[in-house]
Amino acid sequence: MLMIHGGTPLEGEVTVRGAKNLVSKAMVAALLGNSPSVLRGVPAIRDVEVVTGLLRVHGVDVDLDGDTLYMDPTSVGQAGVDEINVHAGTSRIPILFCGPLLHRLGHAFIPDLGGCNIGGRPIDFHLEALRQFGAVVDKTPEGTHLSAPDGLHGIRYELDFPSVGATEQVLLTAVTAEGTTELRNAAIEPEIMDLICVLQKMGAIIKVHTNRVIEVVGVGALGGYSHRPLPDRIEAASWASAALATGGNVFVRGSNQADMMTFLNVFRSIGGAYDVDDDPLEGGIRFWHPGGPLKPVALETDVHPGLMTDWQQPIVVALTQADGLSIMHETVYENRLGYTSELRQMGAGIELYSDCLGGAPCRWGRRNFLHSAVIAGPTKLHAAELRIPDLRAGFSHLIAALAAEGTSRVYGVDRYITRGYENFEDKLRGLGAKIERPALERTREPTPADA
Ligand code: UD1
């Protein structure tokens, strides 16, 4: 539990390192090489620990020196179901091990993933693509076993939705499959492009065409890579929103304008100010509240280059301080607005609707999913007892508690926030936040439940 004495503007500087959503995938890609890989700028987050554990049980030698990760996959071997379960917890990362392990060992195992707090998060696209590559999928009570008795062969596949994970699945499987793969309706998030850079360094041939078409020409073997990941644009947006919601001023060292264009437009439309310093070593973006009222906006989340769904929650907290009615239409996940009930408890005026408000109809319309929010501001937030439901919602609860008057108690911090935000308590303290951990609460909370 973390006690937050709110009401202090956050001021100072934080540094963001490699994007969580690339680092874990680049670590999986190392499995495909026949020589060691080096990944730099790796953040100290729980997801990195999870993938490290999974790589090690599969025989990969993993060493962390500062923020540089060395991975030697030359002795990859089979892991037991129990070992995989212990290291995976309920993380979704094991799904992405399938292609590389099928290539290397002819067998892979996916533990039962269960649901999570932002919707069902199915893996049907992943399994369907793997089947078409030639995998035999065997669902058992302990999880899903996959084998590739006749090897893996290139496919022509069209995703029903440009899923990030399924696109990564196809890339990680196609690079060494026999023949050419054409993926239609692919995700083109910056983290996908960076994964393509990693695979290209390893020797892959991947062409990104117009209209979300990605073509992969399978090659016989891949080597290792040396790579510095793109910076974490989700963490950067979280600190930016925290600066705005608390009336503060935060320099996010390492954040990159090009990956954040859509967010920056929204930030400015709401009334926030920013300044880009593009020095390659010391640069970043300064975000601040320039004073005066914030402006309401109508927004919807979308796949890249739209407004990223992981930016939605911190923006909504800032919108509780805008002068008028704002709309947030969540179109990527059916159930990613649940965290607003805690914000309501803190005094925010937020109503949820199952209609598609403020934009084009999406997949979740007329299906009883509360996926549109109307936010009436400005409201003075007050302290509350908060239980964090998942990673991104959790950070937005922290922002709300920092903006609120009084002392909030936030539960679930170790379970969720540490998955995606490194040293966030030190960073908060460095920005002047008044936070405390009661002595008895310093023990680690249980392992996280979603990806
Ligand atoms: C990744 C990111 C997450 C981000 C999301 C969307 C990581 C570790 N996580 O999650 O932070 O919010 O992209 O940008 O990189 N879907 C299916 N069937 C499938 C796969 C997905 O229906 O087989 C649906 C999902 O339920 C969801 C939508 O597709 O509604 C998008 O999911 P997806 O892009 O796959 O998200 P992740 O890769 O899990």
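## A walk around helix H9

In H9, the buried residues are Phe 263, Leu 264, Val 266, Phe 267 and Ile 270. Looking down the axis of H9, those buried residues fall within an arc of 160 degrees, so they line one face of the helix; the arc is that of the directions from the helix axis to the C-beta atoms.

Before going on, keep in mind that this is a predicted model, where local features need pLDDT of at least 70, side-chain atom pairs count only at pLDDT 80 or more, and totals for chains, interfaces and linings use all residues. Residues are numbered from 1 along each chain as its sequence is written, and side-chain values use heavy atoms, with hydrogens and water left out. Helices (H or I, at least four residues) and strands (E, at least two) are DSSP runs numbered from the N terminus.

What do the buried residues of H9 pack against? They pack against H8, strand E15 (273–277), strand E16 (284–288), strand E17 (298–300) and helix H10 (309–319), where contact means heavy atoms within 4.5 Å.

Take the H8 partner. Helix H8 (residues 233–245) and helix H9 (residues 261–270) pack at an angle of about 5 degrees, with axes 12 Å apart. Axes here are lines fitted to C-alpha atoms, for helices over the stretch in contact, and angles run from 0 to 180 degrees between N-to-C directions. H8 and H9 are therefore roughly parallel to each other (under 35 degrees; over 145 is roughly antiparallel, 65 to 115 roughly perpendicular, the rest oblique). H8 brings Ala 237, Ala 240, Ser 241 and Leu 244 to the contact, and H9 brings Phe 263, Phe 267 and Ile 270.

After H9 comes Gly 271, with a positive phi near 115 degrees. Most residues other than glycine have a negative phi, and most peptide bonds are trans. Arg 366 has a positive phi of about 55 degrees although it is not a glycine. Arg 366 sits in the loop between strand E19 (349–353) and E20 and counts as exposed, at 85% relative accessibility.

Now for the cis bonds. One joins His 304 and Pro 305, with omega about 10 degrees, and Pro 305 is in the loop between E17 and H10. The peptide bond from Gly 377 to Pro 378 is cis too, with omega near -5 degrees.

How values were computed
Buried < 20%, exposed > 50% of the residue type's maximum accessible area, 1.4 Å probe, protein only.
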